[in-house]
Amino acid sequence: MTMEHLIRLERKKVPFGYYIMLSALAILLGMFFLLVSLTDSSDAVRDFDNAFRSAEMIFAFIFIVFFAVLNGALIISEYNNRTILLMFTYPVPKRKMIAAKLVLITLFVAASLAAGYTCCGLFLIGIDWKFDLLADTFSGAVLCYFVVRSVTTIVVFCCLGLWTFAAGMCRKSVTMTIVSSLLFIFLRQLVISSCKEPRESPGVVLITVAITAAALWYTFRNKITQLD
Amino acid sequence: MENEYTIVMRDLHKSYNGKVVVDGVNIHVKRGEIYGFVGPNGAGKSTVMKMLMNLTRPDSGEITVWGEKIGDDSFECLKRIGSIIESPYFYEKITGRQNLNLHCEYMGFHNKERIDEVLRLVGLQEIEGKTVSHYSMGMKQRLAIARAILARPELLVLDEPINALDPEGIREMRMLFKRINRECNTTILISSHILSEIEQIADTIGIIQNGRLLQETAMSEIHKRQTDYIELAVEDAGLACCLLEEKLGIRDIKAVSGHVVEIYDPAVSVGEIAAVLVWEDMVILGIGRKQKSLEDYFFQALQGKGEAS
């Protein structure tokens, strides 16, 4: 059975429309906070870089927690509800079935983040064009900067989301998955605040990806087929 | 010899956190038979079934199904097996039909008309549109049976499949299992703690206790051993035993309580016993012929009277 087929079957198990709605709400919430940060009365410099950083912080919080919630609902709960006993009697490799779930969650969150950044970007451009709220003006260089930062943060946030999967699978606990997401958000803030620029350097991104690969390797090797 | 058997388990051992749950189990399930797997709660029935379905690995020992050793890549075997393990588990937020559809997809079974057929067979044809979360336990059990038989398996592994069913449901499912076994020559491994049900459908039974298989016997053999006996209720069982020994020369006699005596001598009749006791002015509270059931056999085996496997 192909990975694509398995992903399609996973989508049939849960009412996915509900998660799409949650994702849309999360994006709207992000835009709302962005508007609040743009219209506050402090003397902070308001430019595209600052505005993007605000959006990034809001999305980090919302979407890493959202990733953890999806991990809990689509993967860990299968172990807790024991439906995994049914899944593992099918003539499909066990690890491939869990990998399909994880790919689905990662793609969904990555797509949501991409949609979120696009909406926020368009919102910023629109609001700046109408009310001239930002100090600088939108240009090709800003767009390029936007795209690179977006891709970087999508990669990092998805990696942190995958960490929550590894943490939750240790004890097959939904609570542990959600709590770990908050810890990883805090950890990220600590790491980027210690950097020269308040963002992930290429080195930090590489280390994050490496840790993710190691955590996934360990989890898939030791935790997937462990049912008792 | 191997071809005669669908399932062969050799010297299976399994421990969890140092506690032995399966201890040297050997099971032989013949092709086309119904094998009843009985034992008290926690005896190791579900663990053995999970090992058969490759849900957990034995610490040592080997399981072969249709001559193929069960391992991580036994997908061709799994395609030919229908199962219920532990309890009827479903995706609760979708309907019964959607659950069965998913099962078809995973099993690579592409005959959606069969879904209507199995829903009708288990009496769930009227449940369209209802999500599984709204099903009663009995309905879930029926749906689990429907799912197990959906892909026309050659082997059914059923862990307590009649739990939560009402008497009518139990009867219907018993008939269904017998029919599937008879018409499709499907081998069935079924565990249950309802011994009277196993007695009615099994060709062979395996009795397990504390992870050890105590007996593996053909039901026909058990029926042969199920000797008739006379049960006598009197005021003083001890005195009645003495009298019957003295007057009728009965040796195979047992006082099972202060008032009940069991007489196993096939040569003696109820009339003769009654005549002796009446002659000796003993009050007879009750007398009649009885036969030992699987339940009696089961408890005998658990009390250590069975042969080790």
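Analyst: Two residues are in contact if their C-beta atoms, placed from the backbone, lie within 7 Å. This is a predicted model: local features need pLDDT of at least 70, side-chain atom pairs count only at pLDDT 80 or more, and totals for chains, interfaces and linings use all residues. Residues are numbered from 1 along each chain as its sequence is written, while chains are lettered from A and ligands numbered from 1 in the order in which they are written.

The contact draws 19 residues from chain B and 17 residues from chain A. On the chain B side, the elements giving two or more residues are helix H2 (75–79) and helix H3 (96–107). Helices (H or I, at least four residues) and strands (E, at least two) are DSSP runs, numbered from the N terminus. H3(B) gives the most to this side, with 5 residues.

By type, the chain B side holds 12 nonpolar, 3 polar and 4 charged residues. Ala, Val, Leu, Ile, Met, Phe, Trp, Tyr, Cys and Pro count as nonpolar; Asp, Glu, Lys and Arg count as charged; the others, Gly among them, count as polar.

Now the chain as a whole. Chain B has 11 helices and 14 strands. Its C-alpha trace spans about 75 × 45 × 35 Å along the principal axes. Of the contacts in chain B with a separation of 6 or more, 69% join residues 24 or more positions apart.

An automatic or database domain assignment sets the domain bounds. For chain B it gives domain 1 (2–80 + 153–223) and domain 2 (227–291). The C-alpha centres of these two domains of chain B lie 41 Å apart.
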